[in-house]
Amino acid sequence: MAWPGAVRSTESPDWASVEVAVPRQPGRLPGVSMAGFRQRAPARVDIDMVAHPSVTLFVDLSDGDSLVYDARGRRERGSTVVGLVPGDLRLGGRAAGGIECLQIRLSPVLAVAVFGASTDLSGRVVSLEDVWGRDAGRAEERLRAAASWDERFTIAVDALGRRMSARPSLDPEVAAAWWLMLSSRGRVRVDSLANEVGWSRKRLWSRFRSQIGLTPKHAARLVRFDHAAHLLAAGNPAAQVAAASGYVDQAHLHREVKAFTGVTPTAVAAEPWLAIDDVAWPTSFADLTPSTSLTRQVPAK
């Protein structure tokens, strides 16, 4: 099971036995990306995970014991929602019948429409039922009963689309600021963002923080870190990554990677997890990675 964005696994599945399924028609909902993971043999997972610039849904479809997510001493079991920058996050558990999971990444802009503007998920890991109510159980039952990953992806798109249509979206200026951060890979100043969207710096800071859950500066750091982490995982030297990602120097890169992961850039580069992104989300960093993917892709079926 490929958990993109994870590092420092102490025990992981046999990757040769893991199926990775992706939608045949990605992008049906802008701001949503999905991947399915299945390991049929009994398995135990013990993985540390790091921040990613998305709100992530893990729909646990495993038989038997549920996967457990532990963040800052708080544990959640089964299907969960991981907010932006959750801090120390650990995924663990054992499934006697194998492990099966649907992972859905939502842009923070879309997460507001899916979960509601009043739901602050930043820095948190919560049960999907806590934020989705009875709809969580119904969606999970439909996903378990589905005959294929393609059917599961369709069910997920339908469920997300219905929730989006029933909730107001965030301010267009905040959405524009987020997309500008992504397009610049985090290399943008808050003053420039404010000028681009036509707001004062103070207003952008306040509205962005209340709706996205992070300050604009912290969000830009997260986006820049994610770009740098993928470059490191692709085998690029830290000094070149620092320069390409807009850090002052290699020491600056080291501090940022340490802040988001708790480990050094060398440790991040040595782990396969971020490279697996190219399998589960093959278009995400196609222009950044000089090496081929470390894990095979299994088509949805």
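I began with Arg-38, whose side chain makes a polar contact with the side chain of Glu-100 at 3.0 Å. A polar contact here is a pair of N or O atoms within 3.5 Å; within protein, one must be able to donate a hydrogen and the other to accept it, and residues adjacent in sequence count only if both atoms are side-chain atoms.

I noted the basis of the work before going on. This is a predicted model, in which local features need pLDDT of at least 70 and side-chain atom pairs count only at pLDDT 80 or more, while totals for chains, interfaces and linings use all residues. Residues are numbered from 1 along each chain as its sequence is written, and side-chain values use heavy atoms, with hydrogens and water left out.

**Entry: Arg-38**

I placed Arg-38 in strand β3. Helices (H or I, at least four residues) and strands (E, at least two) are DSSP runs, numbered from the N terminus. The cut-offs are under 20% relative accessible area for buried, over 50% for exposed and partly exposed in between, with a 1.4 Å probe and protein chains only. I also took the separation of the C-alpha atoms of Arg-38 and Leu-61, which is 9.2 Å for residues 23 apart along the chain.

**Entry: the sheet**

I traced an open sheet of six strands in the order β2-β3-β10-β5-β8-β11, with antiparallel pairing. Two strands pair if DSSP finds at least two bridges between them. Which strands stand at the edges? They are β2 (18-21) and β11 (125-127); each has a single partner strand, so one side of each is left without a neighbour in the sheet. Neighbouring strands of this sheet are turned by 20 degrees against each other on average, direction ignored. Axes are lines fitted to C-alpha atoms, for helices over the stretch in contact, and angles run from 0 to 180 degrees between N-to-C directions.

**Entry: β10 and its partners**

I followed β10 (residues 99-106) to strand β5 (residues 55-60) and found antiparallel pairing over six bridges.

I checked burial in β10 next. Eight of the eight residues of β10 are buried, so this strand is largely enclosed by the rest of the structure. Both faces are covered, with Ile-99, Cys-101, Gln-103 and Arg-105 on one side and Glu-100, Leu-102, Ile-104 and Leu-106 on the other. In a regular strand the side chains alternate between the two faces of the sheet.

I repeated the check on β5. Six of the six residues of β5 are buried, so β5 is largely enclosed by the rest of the structure. Val-55, Leu-57 and Val-59 lie on one covered face, and Thr-56, Phe-58 and Asp-60 on the other. Three bridges join β5 to β8, and the two run antiparallel. In β8 the bridge partner of Thr-56 is Val-82.

I then looked at what lies across these strands. Helix α1 (residues 108-115) lies across β3 (32-39), β5, β8 (80-82) and β10, and runs at about 105 degrees to β10.

**Entry: α8 against α10**

I found that helix α8 (residues 216-233) and α10 pack at an angle of about 100 degrees, with their axes 10 Å apart. The two are therefore roughly perpendicular to each other. Angles under 35 degrees count as roughly parallel, over 145 as roughly antiparallel, 65 to 115 as roughly perpendicular and the rest as oblique. Residues that make the contact include Arg-224 and Phe-225 of α8 and His-252 and Leu-253 of α10. Contact means heavy atoms within 4.5 Å.

I looked up His-252 separately, in helix α10 (residues 250-261). His-252 is buried, with a relative accessible area of 15%. Leaving aside neighbours within four places in sequence, His-252 is in contact with Arg-224 and Tyr-247.
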